[in-house]
Amino acid sequence: MNTEGRALELIERVRAKPLRFRDERITMAHGAGGKATQTLIEGLFAPAFKLTDLADAGAVDGLALTTDSFVVKPLRFAGGSIGDLAVNGTVNDLAVAGARPLALALSLVLEEGLAADELRAEVEAIAAAAAAAGVDVITGDTKVVERGKCDGMYITTTGLGRSDPRASLSPGSLSPGDRVLVSGAVGEHGTAVMLARGEFELDAPVASDTRSLWPAVDALLEASGPSLRAMRDATRGGVASVLNELARASGVGIVVREAAVPVAPAVAGACEILGIDPMYVANEGKLVAFVAPTGAEEALAALRAVPGCEQAAEIGEVTSEPQALVLVETAFGGRRVMDLLVGDPLPRIC
Amino acid sequence: MKFVDEFRDADLGQVLAGQILATVEPGRHYKVMEVCGGHTHTIYKYGVDDLLPENVELVHGPGCPVCVIPMGRVDDGIAVAKQPRVIFTCFGDMMRVPGGNGTLLEAKAEGADVRMVYSPLDALRIAKQNPDREVVFFAVGFETTAPSTALTLLRAQREELDNFFVFCNHVTIIPPLRALLESPDLRLDGFIGPGHVSTVIGARPFEFIPADYGKPVVISGFEPLDVLQSVHMVLRQLAAGRSEVENQYTRVVPYDGNLSALEVLAQVFELRPHFEWRGLGFISNSALKLSPRFADFDAELRYDIPGVRVADPKACQCGEVLKGVIKPWECKVFGTACTPERPIGTCMVSSEGACAAYYNFGRVAREREAV
């Protein structure tokens with residue numbers, strides 16, 4: 001083996017070690033859904049709570065439980081608002097864990113001085129999104145903090161769902177040959193929020209994709225339940241982070257065909273200008289499904305029949321080598337690694 | 001995307017790959033340096049290496065603006081950022097560069113007001129919005145980004161802002177190239193010249209490379225087809241025994257550069273007699289500082305800058321990587337002690353750094369066509 005091969009092997013050995021949390025302070029990178037976040041989860045939370053299966057939702061006696069906090073700035077953006085996210089984000093964590101969402105608990109942290117109309121608008125958004133997703137908000141809590149302590153409002157929702165008997169999902173169950181599906185075009189939510197912040201003096205017709213994924217999950221379970229290995233909603237860190245997480249959990253490789261990944265032209269354009277890869281940009285209504293080859297065709301057809309998932313596509317497949325690594329066949333005809341980012345995707349200098 | 005996708009056409013890539021294969025001499029090993037970090041990024045992001053024959057080796061050069069900033073300057077930046085009234089602004093990549101004592105991102109977590117901006121004009125806007133604060137912009141980059149800093153300073157002067165300062169770390173591309181060419185351990189056959197720098201300085205300043213050192217230079221664009229075509233142009237020069245400056249990036253680069261940008265640079269900056277480059281040491285006349293007419297905006301005059309030189313960590317071989325003497329994976333700490341999560345050297349930080357580009361994108365066992 002040449003020296004490059006040996007260097008690669010050494011790197012993979014280092015990467016295969018359990019992550020340790022050694023940082024002295026929390027930085028913004030720990031919240032970005034990349035490597036720093038994973039270090040926090042695998043290095044601090046999982047060992048403390050003796051968790052082995054790190055899923056979006058935990059299961060207790062046929063029920064699934066999940067929770068999520070929403071701290072988006074600005075509160076409203078094209079295609080939705082923090083209220084929509086607070087419902088759909090939690091509903092989606094249940095859905096991709098194979099659980100039918102039943103009920104939500106809602107916890108609000110409000111900033112002193114918040115306009116009542118803004119609060120009213122978000123409460124209405126929450127009610128409408130919950131109705132659309134078919135869940136009830138059944139309990140809640142409110143706290144108010146001093147001006148300057150939060151950006152208007154923070155919302156936490158906790159979701160309860162019933163595990164669907166058609167589902168037998170596990171992040172460690174991927175095997176070579178499995179197909180990778182996405183339920184639609186990627187990168188819309190993150191791009192819409194970035195543009196709404198107005199930092200780039202850039203405008204593009206991009207709206208958040210926030211929506212409940214239960215209809216998509218329901219269709220997948222119905223069409224190819226036994227073939228369905230795992231699902232994830234591709235939120236922070238985007239599709240790339242989901243693929244890395246699953247490749248690591250199953251000890252397999254994943255090869256993505258870049259040309260097959262659906263990306264709206266406006267998203268592709270905005271990301272191009274900022275030097276960001278849409279595969280790392282957050283979605284709030286897109287799932288990635290891993291399906292055994294025999295069920296892949298039915299699964300894709302079923303997905304495409306769901307409103308909002310017309311652009312669903314098969315973007316790659318699971319391979320035996322290289323283990324725990326995601327490779328991209330670029331549209332240009334070359335290959336590269338698609339790794340987790342350390343923190344937020346950063347625009348390039350020049 | 002119209003006007004971009006055309007330069008990423010896989011079929012044309014295959015055609016060029018075939019032409020390259022037909023141009024190389026079997027048995028001869030070619031080493032071509034891409035000077036600019038932007039090219040390094042393109043090469044790894046699109047897997048351009050996969051389209052080259054085995055005996056054509058691309059060597060990554062010193063043209064990554066973040067990679068060449070020495071640790072002492074990062075410490076200086078952090079010291080300014082920690083001043084009580086200061087809002088310290090910088091490009092995103094700079095936030096993760098380790099100094100002798102942590103990064104700007106860590107300084108931010110400890111309470112310094114450090115903000116990421118996308119251009120110096122953003123920093124100027126923050127200064128206008130915060131008249132009771134002092135806003136400092138950490139200016140880095142080659143001639144590509146220096147004009148935007150210069151224009152921002154001209155505007156600040158015109159608008160008589162008294163709370164905007166620039167911590168200037170702009171550098172110039174020609175002196176390090178000359179230093180590289182003088183270094184005895186260098187074995188290169190030709191250069192892919194930096195396209196964006198050349199939009200400002202033009203192609204002419206590179207003429208010393210063929211004239212004094214007999215090596216071809218091709219100024220290149222940043223799309224994968226640009227890079228492939230430029231490699232082909234270098235190889236064609238070598239095959240014909242020519243060495244000259246050619247311009248592949250004619251759609252953007254005028255041979256004599258952008259005269260108004262050069263004028264603005266001359267108005268605002270002057271050369272520093274010496275500047276330390278990460279891993280390359282001190283290089284004469286290789287960096288810019290604010291000219292005396294802009295002294296009121298000069299963070300180095302406004303604040304007490306420690307200015308302590310910090311030696312690179314012993315294990316770090318960024319210098320050799322920046323000179324193209326070793327490949328990223330040949331560095332002793334590459335991928336083990338030095339990773340994008342915990343970089344030791346600057347080359348592991350910026351997405352344009354050779355080490356980060358290789359670690360993030362290139363870490364694939366390659367099977368290429370042997371010639």
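How many helices and strands does the secondary structure of chain B come to? Select chain B and you'll find 14 helices and 11 strands; helices (H or I, at least four residues) and strands (E, at least two) are DSSP runs, numbered from the N terminus. Before moving on, note that this is a predicted model, where local features need pLDDT of at least 70, side-chain atom pairs count only at pLDDT 80 or more, and totals for chains, interfaces and linings use all residues. Residues are numbered from 1 along each chain as its sequence is written, while chains are lettered from A and ligands numbered from 1 in the order in which they are written.

**Stay on chain B**

Zoom out: the C-alpha trace spans about 65 × 45 × 45 Å along its principal axes. Of the 371 residues in chain B, 57% are buried (a residue is buried if 20 or more other C-beta atoms lie within 10 Å of its own, exposed if 12 or fewer, and partly exposed in between; C-beta atoms are placed from the backbone).

**Where chain B meets chain A**

Now show both chains. Here 45 residues of chain B are in contact with 36 residues of chain A, contact being C-beta atoms, placed from the backbone, within 7 Å. On chain B, pick out helix H1 (10-23), helix H2 (37-46), helix H4 (104-109) and helix H14 (354-362), each supplying at least two residues of the side that touches chain A. H2(B) gives the most, with four residues.

**Over to the chain A sheet**

Next, select the five strands of chain A that form an open sheet in the order E1-E2-E7-E5-E6, with mixed pairing; two strands pair if DSSP finds at least two bridges between them. Strand E1 (58-60) and strand E6 (136-145) of chain A stand at the edges, each with a single partner strand, so one side of each has no neighbour in the sheet.

Zoom in on strand E5 (residues 99-111) of chain A, which pairs with E6(A) in the parallel sense over nine bridges. Look for A:Leu110, standing opposite A:Val144 in E6(A).

**Last stop: A:Asp53**

Find A:Asp53 in the loop between helix H2 (35-48) and E1 of chain A. Is A:Asp53 buried or exposed? A:Asp53 counts as exposed, because there are 11 C-beta neighbours inside 10 Å.

Technical notes
Contact = placed C-beta atoms within 7 Å.
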